Amino acid sequence: MEFTSEQRLHDGVLEREFTLGEIPGILWTPASVSAPAPVILLGHPGGLPTMYPRLAARAQHCAAVGFAAATIELPGGGNRSRLVAVEEARTELRRALKAGEPVGDEVVDRLVLPLVDQAVPEWRAALDALLSLPEIGGPVGYSGGIIAIGIRLAVVEPRISAALLFAGSFVPRAMFEEARKVTIPLQVLLQWDDEGNDRQQALQLFDAFGSTEKTLHANMGGHTGVPQFEADDANRFFARHLR
């Protein structure tokens, strides 16, 4: 991990951009930390420059209660090398949605599974680097992002103690079997009127999770209409499991 820039945000949070090989990322740490801080990995759908305002706001909300936060660019996102097959599948998906046609499982597989297969090892490598820093300690949480990536991470990464997942992206059928293997505490956000999400599939996925502690927060509104109070509730959720 190589830090390439840093700045203090208005509330004293230290924001540092870094690279991990070819992968860009950002680390936010609270203004003052008396001990190594727990870290929350902030997932997103790709394109760090576009997602930055929302990610920075989420990170500062985490820092307000003593958590560090970090994110990395999604494979094929931002300035990273394009994933041609994934982009072709995304074009097909958008065409189907615009035409009001059902999205086939094969298109979802081609869109999502390559991202999961590449992103999860990258997140684990980033976590190795983050936990080597003296100001960062465990436990670790995961929040947001493409839900299929969160599912795989929750299954294979034992250092993640709890996850807040956003039910706002398509999920390959194969991921339902992986969801049954998830055992960590979960909180799942579902926007009831999400125009790009299959509500019934999201409910079925929630039912499939193997966690004994899992909570579904369903709010009215579209994809970007998550109520502000959910950020406070996310902090309470992680405070219960990362302290």
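Colleague: In which strand is the place of Q191?
Modeller: Q191 sits in strand β8. Strands here are DSSP runs of E with at least two residues, helices are runs of H or I with at least four, and both are numbered from the N terminus. This is a predicted model, in which local features need pLDDT of at least 70, side-chain atom pairs count only at pLDDT 80 or more, and totals for chains, interfaces and linings use all residues. Residues are numbered from 1 along each chain as its sequence is written, and side-chain values use heavy atoms, with hydrogens and water left out.

Colleague: Why is Q191 called buried?
Modeller: Its relative accessible area is 6%. Buried means under 20%, exposed over 50%, partly exposed in between, with a 1.4 Å probe and protein chains only. So Q191 is buried.

Colleague: What is Q191 in contact with, leaving aside neighbours within four places in sequence?
Modeller: N219, M220, G221, G222, H223, G225, V226 and P227. Contact means heavy atoms within 4.5 Å.

Colleague: What lies 3.3 Å from a polar atom of the Q191 side chain?
Modeller: The backbone oxygen of G225. A polar contact is a pair of N or O atoms within 3.5 Å; within protein, one must be able to donate a hydrogen and the other to accept it, and residues adjacent in sequence count only if both atoms are side-chain atoms.

Colleague: Where is H44, and what makes it buried?
Modeller: H44 lies in the loop between β4 and α1. Its relative accessible area is 4%, so it falls in the buried class.

Colleague: Which polar partners does the side chain of H44 have?
Modeller: The side chain of T71 is joined to that of H44 by a polar contact of 3.5 Å. The backbone oxygen of I72 lies 2.8 Å from a polar atom of the H44 side chain. Beyond four places in sequence, H44 also touches residues including M51, L55 and G145.

Colleague: How do you know that β4 and β5 pair?
Modeller: Two strands pair if DSSP finds at least two bridges between them. β4 (37–43) and β5 (68–72) have three, in the parallel sense. In one of these strands, β5, A68 is the bridge partner of V39.

Colleague: What is the strand order in the sheet, and why do β1 and β9 count as edges?
Modeller: The order is β1-β2-β3-β5-β4-β6-β7-β8-β9, in an open sheet of mixed pairing. β1 (2–8) and β9 (214–219) each have a single partner strand, so one side of each lacks a neighbour in the sheet.

Colleague: How do you know that the buried residues of α6 are on the same side?
Modeller: Q201, A202, L205, F206 and A208 are the buried ones. They cover an arc of only 160° around the axis, which puts them on the same side of α6. The arc is that of the directions from the helix axis to the C-beta atoms. These residues pack against α4 (147–156), α5 (174–179), β8 and β9.

Colleague: Which residues touch the most other members of the largest nonpolar core?
Modeller: L41, Y142, I149, I151, L165, L205 and F209, out of 57 residues. Helix α3 (105–131) gives the most to this core, with 13 residues. Such a core is a set of buried Ala, Val, Leu, Ile, Met, Phe, Trp, Tyr and Cys residues joined through side-chain atoms within 4.5 Å.

Colleague: What is the omega of the bond from G138 to P139?
Modeller: Omega is near -5°, and the bond is cis. P139 lies in strand β6.
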